[in-house]
Amino acid sequence: MDTHAAALLGAGLAYGLAAIGPGIGIGIVAGNAVQAMVRQPEMAGQVRATMFLGIAFTEALALFGLLLFFILFGQA
Amino acid sequence: MILAQIVQVPSDVNEMFDWPALLPLGINRVVLLMFLATIATFLFLYLPFRKPRIVPTKFQVAVEAAVEFVKKDVGREIIGPESVKYEWLLIPMFFWLLFLNILEVTPFINFPPTSRMAIPGFLALFVYVVFIFVGIKEHGLRYFFKTIVPGGVPKALLLLLVPIEFISVFFIRPLSLAVRLFANMLAGHIMLTVFFLTSAAYFVLSPKLLAFPVPFAFAVVITGFEIFVGVLQAYIFTLLTAVYIETSIHLEH
C-alpha cells in the first residue's frame, strides 16, 4: 500500500473510530439528563445547562477526530 | 465593490480553505464578514441603550432579554456574584459569536467566519490568558500549584494525576475550546454545501430529476438545525469561558 492510500484509509478510520465513543457518551449524558428532568422538573433549566456542558466536553473528542480527518486528508 | 465581494460565491470548493486577498493587508472575504459581524454586534448592543426609555421599544425589550440571559444564566449561574467583573468579556463575546455563526445560514453570504481556525483560535487564546490572569490575580503563584495538584488525593496517585491535570488544564482546555467551535461550524458548512450542491446537481441532470426533492428536503432541515447549532455553539463557548474563569476563582472543590 502506498502512503497516499494509507493516508486516505487512515483519514476515514480516524473519524469513524473517533465518533464511536462520543456517540455513546452523548447518549448517556442526554439520557440521564432527561431522567433528571423528569424526576425534578423544577430543576430542568439547571439540568439543561449542565447537559450542554457535558455534551460539549464529550463532543470535543469526536471533533478532534474530524480535525485529524482533515489533516490526514491533506496529506493524501 | 466590497458589498459585491461579500455576496460573491466561490466558484471552486477549494476556495473554502483558501480565500484570495481582496484588499491590502490581506483582507479577504472572511475578514470583511468578521467586520460585518463586529458592526452588527456594536449596533445591536449600542442602539437600544443609546437613549433608554422608561417604556421600552420592542427592540430594546428583545436586546434586554438577551443580555439578561447572558448575565444571569451564563454569568451569575456559573461564576456567582463576582460575575459582574467579567461581563465585559462574556456579553460581547456571546453576541459576536452569535452573529458570526448566524452568517452561515444568512442568504447570499452562507459562510460562517468561525469555520476558519483564526477566529476561534484567537478567542480561545484570549480566554486562556484571561483565566490564567484571573487565577494569578486571585491566588498569586499558588494558582498553578493548586490547579495541578488536586487536594484530598493519596500521595501515590499524585504521580499519575499531576501530569494529567497539567495537560488537561493548560493544553487541552484552549485547544478543545477552539476546535469545538471551529469543527462544529466547518462540519455544518460542509454538510449544507453537500446537500445544496447535490440537489442543484440533481435538478440539472434530467434523468435524476425525480430524486431532487430528497437532498433538498435534507438541506432545508439541516439549515434549521444549523441555526440551532450556531446559537448553541455561541452559548457553549461563553458558558465554558465562564466555567474556566470560575475554576480559576474558586480553586477548592
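First, the ground rules. This is a predicted model, where local features need pLDDT of at least 70, side-chain atom pairs count only at pLDDT 80 or more, and totals for chains, interfaces and linings use all residues. Residues are numbered from 1 along each chain as its sequence is written, with chains lettered from A and ligands numbered from 1 in the order in which they are written.

Chain A next. It has 2 helices and 0 strands (DSSP runs, H or I of at least four residues for helices, E of at least two for strands, numbered from the N terminus). Its C-alpha atoms fill a box of roughly 60 × 15 × 10 Å along the principal axes.

Now the interface. 13 residues of chain B are in contact with 10 residues of chain A (contact means C-beta atoms, placed from the backbone, within 7 Å). On the chain B side, α3 (58–78), α7 (155–204) and α8 (213–249) each supply at least two residues. α7(B) gives the most, with 6 residues.

Last, a helix pair. α3(B) and α4(B), residues 87–102, pack at about 125 degrees, their axes 10 Å apart (axes are lines fitted to C-alpha atoms, for helices over the stretch in contact; angles run from 0 to 180 degrees between N-to-C directions). The two are therefore oblique to each other (under 35 degrees is roughly parallel, over 145 roughly antiparallel, 65 to 115 roughly perpendicular, the rest oblique). Who meets whom? V67(B), V70(B), K71(B), V74(B) and G75(B) in α3(B) meet E87(B), L90(B), I91(B) and F94(B) in α4(B).

How values were computed. Contact = placed C-beta atoms within 7 Å.
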